Amino acid sequence: MKRVFTLLLMLAIPLIAWSAYSSDAHEGIAEAQNLALDARTGLPIMVLVSQDHCPYCVQIKREILKPMLKAEDFKDELLIRELYIDLGTKVTDFQGKLRPSADLARDYGASLTPTLLFLGPDGKELAKRIVGINTPELFYFYVESAIKKSIAQMEQRH
C-alpha cells in the first residue's frame, strides 16, 4: 500500500507542477485574434510570437509583460498581443483575412520563440524585433526602447 501511495505521489507532483506552469503561461496577455480590429485603435501593437510549451515565452510574460501590464506602463499607447504558432489557432490578419497563426508568423519570418514584433496598424514593423532573451538583466530596457521607438514612429505618421 505504501508503494502504491509513493508511486501515485511521484506521478502527481509533475502533473501539479505542469498545471501551475501551464495556467501561468496563459494568464494576462491577450491572445491575438483580430489584428485588423486591433489596428483600428491607431496604436502600435507589440506581438509576442509564442509557443505553448516555451519556457522562455513564459519567462518574458512573467518577468516583463505581466508586470508591465499590471503597472499600466504604456496603457493608452500600446496594445500587447500573443500569437501562438503551435496550437493550430487562427487569427484575423491586418487585411481582415482569417488564417492560421503560424502562417502569419511565418510571413514575418518569426519562426523562433519568443519573438517580439512591434507593428503599426498597417502591419509593418515599427522597431527592430527582439528574438529570444539575451542578457535577461537588460531585457526590459530593450523592450522599453523598442516600444518607445514604435510610439515615436506612430506620432511621426500623424
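Buried here means under 20% relative accessible area, with exposed over 50% and partly exposed in between (1.4 Å probe, protein chains only). This is a predicted model, where local features need pLDDT of at least 70 and side-chain atom pairs count only at pLDDT 80 or more, while totals for chains, interfaces and linings use all residues. Residues are numbered from 1 along each chain as its sequence is written, and side-chain values use heavy atoms, leaving out hydrogens and water.

**Overall layout**

- You're looking at five helices and seven strands; helices (H or I, at least four residues) and strands (E, at least two) are DSSP runs, numbered from the N terminus.
- Starting at the N terminus, the order of elements is α-β-α-β-α-β-β-β-α-β-β-α.
- The chain has 158 residues, and 41% of them count as buried.
- Take the contacts (heavy atoms within 4.5 Å) with a separation of 6 or more: residues 24 or more positions apart account for 66% of them.

**Cysteines**

- Cysteine 54 counts as buried because its relative accessibility is 6%.
- Cysteine 57 is buried too, because its relative accessibility is 1%.
- A disulfide is a covalent bond between the sulfur atoms of two cysteines.
- Searching the whole structure for one (a pair of cysteine sulfur atoms within 2.5 Å) turns up zero disulfides.

**Helix α3**

- Helix α3 covers residues 55–70, and its 16 residues should span 22 Å at 1.5 Å a residue; the end C-alpha atoms are 21 Å apart, so the two agree. The expected span is 1.5 Å times one less than the number of residues.
- There's a kink of about 40° in α3, centred on lysine 61. The bend at a residue is the angle between axes fitted to the seven residues ending there and the seven starting there.
- The buried residues of α3 include Cys57, Lys61, Leu65 and Met68.
- After α3 comes glutamate 72, which has a positive phi, near 60°.

- Strand β6 is largely enclosed by the rest of the structure, because five of its five residues are buried.
- In a regular strand the side chains alternate between the two faces of the sheet.
- In β6, Thr115, Leu117 and Leu119 point one way, Leu116 and Phe118 the other way, and all are buried.
- β2 and β6 run antiparallel, joined by five bridges; strands pair if DSSP finds at least two bridges between them.
- Methionine 46 sits opposite phenylalanine 118 of β6.
- On to β7 (residues 130–131): two bridges join this strand to β6, again antiparallel, and isoleucine 130 is the bridge partner of leucine 116.
- Beyond its neighbours within four places in sequence, leucine 116 is in contact with residues including Met46, Arg129, Phe139 and Val143.

**Nonpolar cores**

- A nonpolar core is a set of buried Ala, Val, Leu, Ile, Met, Phe, Trp, Tyr and Cys residues joined through side-chain atoms within 4.5 Å.
- The largest one has 19 residues, and those with the most contacts inside it are Met46, Leu65, Met68, Leu116, Phe118, Val143 and Ile147.
- Two or more of its residues come from each of β2 (45–50), α3, β6 (115–119) and α5 (139–157), and α5 gives the largest share, five residues.
- Apart from this core lies another, of 17 residues, with Leu35, Ala39, Val47 and Leu83 among them.

**Aspartate 38**

- Aspartate 38 belongs to helix α2 (residues 35–39) and counts as buried because its relative accessibility is 11%.
- Leaving aside neighbours within four places in sequence, aspartate 38 is in contact with Ile45, Leu79 and Arg81.
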